[in-house]
Each structure stands twice: as structure tokens, then as C-alpha cells.
Amino acid sequence: MATALTRKDFVSDQEVRWCPGCGDYAILSQVQKIMPEFGIPRENIVFISGIGCSSRFPYYMNTYGFHTIHGRAPAVATGLKVTRPDLDVWVVTGDGDGLSIGGNHLIHALRRNVDLNILLFNNRIYGLTKGQYSPTSEVGKVTKSTPAGSIDFPFNPITVALGASATFVARTVDVEQKHLGDMLKRTHAHRGAAFLEILQNCNIFNDGAFNDLSDKAIKADHQLVLEHGKPLIFGKNRDKGVRMNGQRAEVVALGNGVTADDLVVHDETNLALAFMLANFEAPLPTPIGVFYATSRPTFDGAINQQLQDARTKQGPGDLAALLKRGDTWSVG
């Protein structure tokens, strides 16, 4: 009988080389912590990354891994999952890697519903190349590449995933370790393209980008934890909620005749609600948790079923016979 794995079994012998204080450390620690719970042999687990700070991830996991080229991790992962559907495949990317040069590969992996666990680290900056604005940087962001302030309107990773028809879309925060662990488990449990945005601090080039969601003194008043079947309540004293005012969501104080029964109840299967939550802006709180979850046949499952059906109908393949089939010419 195989010995049960522990967190230490998933820690590689490589020196972790991120800046001290980087949010990536917290994410790595939590991934290594939960891996043993899945009961999957390390040789059946693969981490695939592109380019960027987050893309060092495969080096630090004592599993198989592939550090690919900029933006192409979803494409490489798709090829692997299709040819080896038995493997547990994770994609680790960043807001720059996944939403700029890799945007096309990301949306099609989501659209096809490839059975991948996709982790997108969002720090709203290019960290590895030393602080240029990224596709998620806010308008007016002053960086080395935008000294007068960015004029680009930013991507919202959650709406991108929802718009690409992802079957699982969630968000968490690097310092919320329990919530992060829960979201990683939900991501892994989903069969299909599971997309998890992890809001992550870059303390060197964009420190405090998500301070309202991570500062213990204020986060409860800005963070809306989504729970399926429960009303949208938040606040340090759990005394605020979100209700509909016509077609618009608004924050209300509980009490004085306003109760939980007046609030929006979260439903992970409601796509329209997921889009609305994804577009919350202040004074509305920032949602974290599962926005949307549904079931649809996976791309890797469907393509392998096609291959099996073809073998059943036509027999084993014969490459020589295939090359000689139909019209052929001899060139002398």
C-alpha cells in the first residue's frame, strides 16, 4: 500500500526565487498544502506555466512541470490533456502572461472546456520585467511604461472568463489562506475549464493594489464572500447587504425594516447574476468566491470519444495504408 503523501512531498529542491514579501509565496504554500488531499500520485500531476513571476511555479512543485513560452501555457496544457487525459493538469499564469500575449490561448481553452485547473495571479502589473503597466492596471496608473498615467481601459479577468463561456469561474486573495485553499479545492473538483483569479500583491512594483481586500482593519467592509444559496451580506459586523433597486444593485444597512430577506441570494448557476457581481464597483463591495459553476462536456473527453468511436468503426490505424490511400504520385 502506497504511503500517504504530505506537504513536504510536494516541495521541490529548488530555491524559491521571488522577492521577499511577494504574494506568490502564500499561493505556493497553500497549493503544496492541499495537494496531498487529492490523493493523486505526483507523477500524474503537471504544472504548466508561461512567462512571468508566477511562471516560476513549476520549479517549486515536486511534480512534473513545463515552463513554456510567453502566453502559450493554455495551448501546451490543452495538448497534454488531450493526449494524456489521465493526468491532473494545472496552468499557472499571470495578468500579463494570460491576458496580453496569451489572451487568445486562454479564451479558447475556456471556450472549449478543456479539463484544466487555471490559476491566474493578478497583481495588476508586470513584475518580472520591472514594473510596466499590465492589461489589468487601472486607468491613470503611473508606471515605467506609462509615466503620464495609463490610458488603457483594463480587463476584468472574471468577465473575460465568463464571456469565454468558462464552466467554473472564481476569485480569491493571496492572504486569505483558508479561502484560497477552499477555492483551490473547488477548482480542482470541477470537471472542465476551471478558472481561478488570485488577487496577489506585488510589494515591489505595485504594493497595496488590493489593500482594501487584505488589510485586516478594513477588509470586511470591502470584501463580499460569495456563498451559494446565501444572501449577499458583508461588513465587519455583518450589518450590510446588497439588494436590487430596480435593475441596479445597491448597498443597504441591515435593520430599520431591512432584513436578509430583502437581499440578493447568491446562485452559482445564474450566469446573469455572475456577470453582475463581476462588474461590481465602489461603493459596492468586491466579491470573492465562486461566481459561476455549470457542467458541460469537456473538450478532451469529447475528442478522445471521437477517436475511440473511429477505432471501433474502422479498426486500429495503419499509417502506411493511410499514406498510400487515394491518388498517389511517384516523383523521379
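Thr143 sits in the loop that runs between β4 and α6, where helices (H or I, at least four residues) and strands (E, at least two) are DSSP runs numbered from the N terminus. The model is a predicted one, in which local features need pLDDT of at least 70, side-chain atom pairs count only at pLDDT 80 or more, and totals for chains, interfaces and linings use all residues. Residues are numbered from 1 along each chain as its sequence is written, and side-chain values use heavy atoms, with hydrogens and water left out.

**Thr143 and its surroundings**
- Thr143 counts as buried because its relative accessibility is 11%; buried means under 20% relative accessible area, exposed over 50%, and partly exposed in between (1.4 Å probe, protein chains only).
- Apart from neighbours within four places in sequence, Thr143 is in contact with Ile125, Gly131, Gln132 and Tyr133, contact meaning heavy atoms within 4.5 Å.
- The Thr143 side chain reaches the backbone nitrogen of Tyr133 at 3.3 Å.
- A polar atom of that Thr143 side chain also lies 3.2 Å from the backbone nitrogen of Ser145.

**Ser134 in the loop**
- Ser134 is found in the loop between β4 (117-122) and α6 (157-163).
- With a relative accessible area of 3%, Ser134 is buried.
- Its contacts, leaving aside neighbours within four places in sequence, are Asp95, Arg124, Ile125 and Tyr126.
- The side chains of Ser134 and Asp95 are joined by a polar contact of 2.5 Å; this term means a pair of N or O atoms within 3.5 Å, where within protein one must be able to donate a hydrogen and the other to accept it, and residues adjacent in sequence count only if both atoms are side-chain atoms.
- The backbone nitrogen of Ile125 is reached by the side chain of Ser134 at 3.4 Å.
- From Ser134 to Thr83 there are 51 residues in sequence and 33 Å in space, C-alpha to C-alpha.

**Helices α3 and α10**
- Helix α3 (residues 73-83) packs against helix α10 (residues 299-314) at an angle of about 45°, their axes 9 Å apart.
- The two helices, α3 and α10, are therefore oblique to each other; angles under 35 degrees count as roughly parallel, over 145 as roughly antiparallel, 65 to 115 as roughly perpendicular and the rest as oblique.
- On the α3 side, Thr78, Lys81 and Val82 make the contact, and on the α10 side Phe299, Asp300, Ile303 and Asn304 do.

Technical notes
Axes fitted to C-alpha atoms, helices over the stretch in contact; angles between N-to-C directions.
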